[in-house]
Amino acid sequence: MMPNRNNLFIAISSLALLCLLIIQLNWIFETASIKEKLFSEKANMVLARTTEALLTDTQTCRQIERSVGENEKHKIDSIFKYYMNFYNFHVDYSFEVIKSTAQKAASNELSSVIPYPGQPACYEKGLVELSKKTGFELRLVLPEKRGFIKAELKSLFIVSILLILVVLFLFYRIILSLKKEKEISEHTTDYLNNMTHEFKTPLTNIALAGKMMVKDANIHSEEKIKHYSEIILEENEKLKLQVDQVLSMTALERGEIRLQKKELDFHQLITDSIKHIGIQVEHKNGTLKLALKAERFRVLCDEIHLTNALSNLIDNAIKYSKANPEIQLNTTNAGHNLQVVISDKGIGIEKEYHNKIFEKFFRVPTGDVHDVKGFGLGLSYIKNILELHQGKIEVESAKGAGTTFTITLPYV
């Protein structure tokens, strides 16, 4: 079995991104190491040039052999400042002239002391020319080495982190888009299959009734003509309703539906809505009970679309009931709203699908068995229509325990 190409793409992209992040972080650490080396090189250069300049001043060197006074300190400090500016090395510093050990005095090499965290960096150079027996050392102390390096890296580090976050965010969005595209593709495929089946059935019945009217030798019988005509008209009406449903969803998405709102008695609208659909309940030996208890039930709404919404919900309750449907429709008031609750004792909906059922084309998976026909547009249509009325729809359900839909609309 070939691996899913999307999953393979995600896995390869994730691995490549991880490698890129590791390289980026390694580059930041390498840059910090280079900055630290440059810092030490500059410090040693300043110290070396200062030592050379100091050794050329014989008078100052002689005085240092006796004691280091304020004049000598000022002289050394002025040389340090000059070379600090010369090498564009702007950092706080201090210095001291100390007697070195015999071993250190024998060497004129530069040395640096690696500081512990929180300790200042020290750079030393021997002044062996000042004494044959006990050399001196000039020590340069830089207390803010780590702070200086961090400041140098700050902008680079911030930009790198921001770029990494942007890349991670874009990668996350791409993954979400891929998953969404896959879901849409699957839903569209299911939708096209369902639509083909739904359109094919009434068209087949219409064609069959037409052929029977042509071939039947007793076609002049009024009962035969009436029977075949009723089949054609009934199937034609089904086909028209299916086409209208698809076109209504398209119009909703484009914002082309203009609601014709007027103040209506919602209880009367409910009564009118169940007249034609009540036949289906009776046909299945079911019950549809009303408990219209709301005291405020006048609503500013579009009669046609809300009638369709109620009919769709009741039709779903009938279709998704295994045996004789038992449907309860109640109305109550909650705050400044009218609530319409439609409950059934059907097959129910698993909790993981509660939010998805209002998505276009989505149908709750039922394995390879598709007993219930439809495009997966009904609940999406209802949700959009209610939102245009400043209302909402909520669902409570569990598998095998029935479903309850609650419609909330502001009353007048």
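1. Glu263 and Arg298 meet through their side chains in a salt bridge, 2.8 Å from N to O. The pair links distant parts of the chain: Glu263 sits in strand E5 and Arg298 in strand E7 (residues 298-302), 35 residues apart. Glu263 has a relative accessible area of 42%, so this residue is partly exposed. Arg298 is partly exposed too, because its relative accessibility is 36%. Bear in mind that this is a predicted model.

2. How many salt bridges does the structure hold? The count is 9. One of them joins Lys262 to Glu303, with the closest N and O atoms 3.7 Å apart. Lys262 belongs to strand E5 (residues 261-265) and Glu303 to helix H8 (residues 303-319), so the bridge ties together parts that are 41 residues apart in sequence. Lys262 counts as partly exposed, at 43% relative accessibility. Glu303 also counts as partly exposed, at 33%.

3. The side chains of Asp315 and Lys319 meet at 3.5 Å, N to O. These two residues are 4 apart in helix H8, so about one helical turn separates them. In general, an α-helix has 3.6 residues a turn, so residues three or four places apart point the same way. Buried or partly exposed? Asp315 is buried, with a relative accessible area of 18%, because the cut-off for buried is under 20%. Lys319 counts as partly exposed, at 32% relative accessibility.

4. Now the sheet. Five strands form an open sheet in the order E6-E8-E9-E11-E10, and the pairing is mixed. Which strands are at the edges? They are E6 (287-292) and E10 (392-397), each pairing on one side only. From one strand to the next, the twist averages 15°.

5. E6 and strand E8 (residues 326-334) run parallel and are joined by 6 bridges. For a residue-level check, look at Ala291: its bridge partner in E8 is Asn330.

6. H9 (residues 378-388) lies across E10 and strand E11 (403-410). H9 runs at about 140° to E10. Which residues of H9 are buried? They are Gly378, Leu379, Ser380, Tyr381, Ile382, Ile385 and Leu386.

Notes:
Residues are numbered from 1 along each chain as its sequence is written. This is a predicted model: local features need pLDDT of at least 70, side-chain atom pairs count only at pLDDT 80 or more; totals for chains, interfaces and linings use all residues. Side-chain values use heavy atoms; hydrogens and water are left out. Two strands pair if DSSP finds at least two bridges between them. Axes are lines fitted to C-alpha atoms, for helices over the stretch in contact, and angles run from 0 to 180 degrees between N-to-C directions. Contact means heavy atoms within 4.5 Å. Buried means under 20% relative accessible area, exposed over 50%, partly exposed in between (1.4 Å probe, protein chains only). A salt bridge is a side-chain nitrogen of Lys or Arg within 4 Å of a carboxyl oxygen of Asp or Glu.
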